[in-house]
Amino acid sequence: MASVTVPTSLIRPPGVPASTIGPLLSATGIVKEFPGCKALAGVSVVFEPGEIVAILGENGAGKSTLMKILAGVQPPDGGELRVDGEVVAFNDVSDAMERGIVLIHQELNLAENLDVGANIFLGREPTRYGMLDRATIRRKSRELLDRVGLTCSPDTILGELSTGQQQLVEIAKALSISARVLIMDEPTASLSHHETQLLYEVVRKLKSEGVCVIYISHRLSEIIELADRVVVLRDGQYVGEIKRVELTREKMVSMMIGRALTTGSERVAHTPGNEVFRIEGLVTEAFPQAASTFNLRAGEIVGMAGLVGAGRTELLRAIFGIDRPLAGRVVIAGQTKPIHSPREAINAGLALVPEDRKGEGLILEMPVRHNHTLATLGRTAHAGAFINRPREVADSREMVAALGTRTASDLLAVQFLSGGNQQKVVLGKWLLSQPKVLLLDEPTRGVDVGAKQEIYRIMEELAAKGLAVLFVSSDLEEVIRMSDRALVMHEGRITGELQRHQLNEAAIMALATGGSLA
């Protein structure tokens, strides 16, 4: 992998000893409030050059809010920031970038209608004789893409890439800036194992050249592998730090949630019922030479594994009528159902929780209540045209209680909820439609360990009530833990099916890379 060059002048001002200017970056007494929520309550933390600092906490602990303040995305309501000992006030992201502080957002911050090279250099385009220097953009973009292991052309339109590939473009964009502080918010959430290992190499190289990397991840194994120290937040407050020599999974979890977490290593055994869903020879536009056939039974949880770009999301979208399949049929409760739109899928008893909950699963500006009832308005309307307000209130409150959604009120805009609670709102929306089959695309992406356990509990309860659940996950541990059986995809094809007693990482990866079981 190519080296990441960091000018010495960006690490410390020339001729100024570190002891005279304090930490590279410090936050003291940071306060931030949103309607009905105090996101940060006097948080103080320091960062030094050449270290990897993990910020840990449950969803809603204040991690992302603190990172946005450090990167100039949001101003604090109180407290102060210092860079090299100097008090700073960032009016916007560009102010922070001038100080060498760059944030890679958890939710991608890219323009899907532009090509990859344009996204990498957006707002910092090189010019030649006053004109856009496209040759330089292509050349430098290619070098950056090689660093993150992405083989697409810089001229590729971003919208043609998968979510995981777009994440790599976001990382390449950040690497194009000689950062002193690089903040990574859930950078591996959509990456394959190979892509994750490439990212680790980049992070370690940056550390060796004096860059401070602030790393947010709910995957505790990543933190154990990378972090020099861990800063823990809980309910908007600083809880403490864990040094690398003291770093254990149990200690991190205990500090995060204030108690030991009982995870339950084994799933409750389910006896599947009759077949409720089947696809036969379904062909997607993304993989026109590959046909998929499989079935689901009542009360069964089926995992779908595969590398990024294997075609799992495309298959779910075709099943749900978002994309038109090229061939094949969908059979529900023994009857062939022509599904040409999400509305037809809903009427047939299907529900889809998408991978991108903010972009495709929610309307962020609307309150929890209205998001809950979006998919069922037609069933509860007065005279087919007017919203049944009492029913809407009752349904929404039922879902808040049933799923344990943490919100000050179901009239709070969903954008102010944590990622885990937003995911519960999406689940609640679809459960109100009383589906026969629940499709989940990366159901625990970007949620903390406590919220994961709650989502797992919900999946268990739904299966126990007879719902058929199919979930896509890039987390092999999750697939192994939650599946009654697992389907594995490679290049648009289902390359194998593993029963529960066969589930292990080696078997899944063998099928995911196009191989077969030994």
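Start by selecting R317: in this predicted model, its relative accessibility is 22%, so R317 counts as partly exposed. The side chains of R317 and D323 meet in a salt bridge, 2.8 Å from N to O. D323 is partly exposed too, with a relative accessible area of 30%.

Next, click on G321. You'll find G321 in the loop between helix 11 (312-319) and strand 16 (327-332). Is G321 buried or exposed? G321 counts as buried, because its relative accessibility is 6% and the cut-off for buried is under 20%. Which residues does G321 touch, leaving aside its neighbours within four places in sequence? Show I339, H340, S341 and P342: G321 is in contact with these.

Now hop over to R278 and E280. Their side chains form a salt bridge at 2.6 Å, N to O. Overall, the structure holds 30 salt bridges.

Colour its four strands and you'll see an open sheet with the order 2-1-4-5 and antiparallel pairing. At its edges sit strand 2 (37-47) and strand 5 (86-88), each pairing on one side only. Zoom in on strand 4 (residues 78-83), which pairs with strand 5 over three bridges. Here V83 stands opposite E86 in strand 5. Before you leave, select E80 and R82: they form a salt bridge, with the closest N and O atoms 2.8 Å apart.

Definitions and conventions:
Residues are numbered from 1 along each chain as its sequence is written. This is a predicted model: local features need pLDDT of at least 70, side-chain atom pairs count only at pLDDT 80 or more; totals for chains, interfaces and linings use all residues. Side-chain values use heavy atoms; hydrogens and water are left out. Helices (H or I, at least four residues) and strands (E, at least two) are DSSP runs, numbered from the N terminus. Buried means under 20% relative accessible area, exposed over 50%, partly exposed in between (1.4 Å probe, protein chains only). Contact means heavy atoms within 4.5 Å. Two strands pair if DSSP finds at least two bridges between them. A salt bridge is a side-chain nitrogen of Lys or Arg within 4 Å of a carboxyl oxygen of Asp or Glu.
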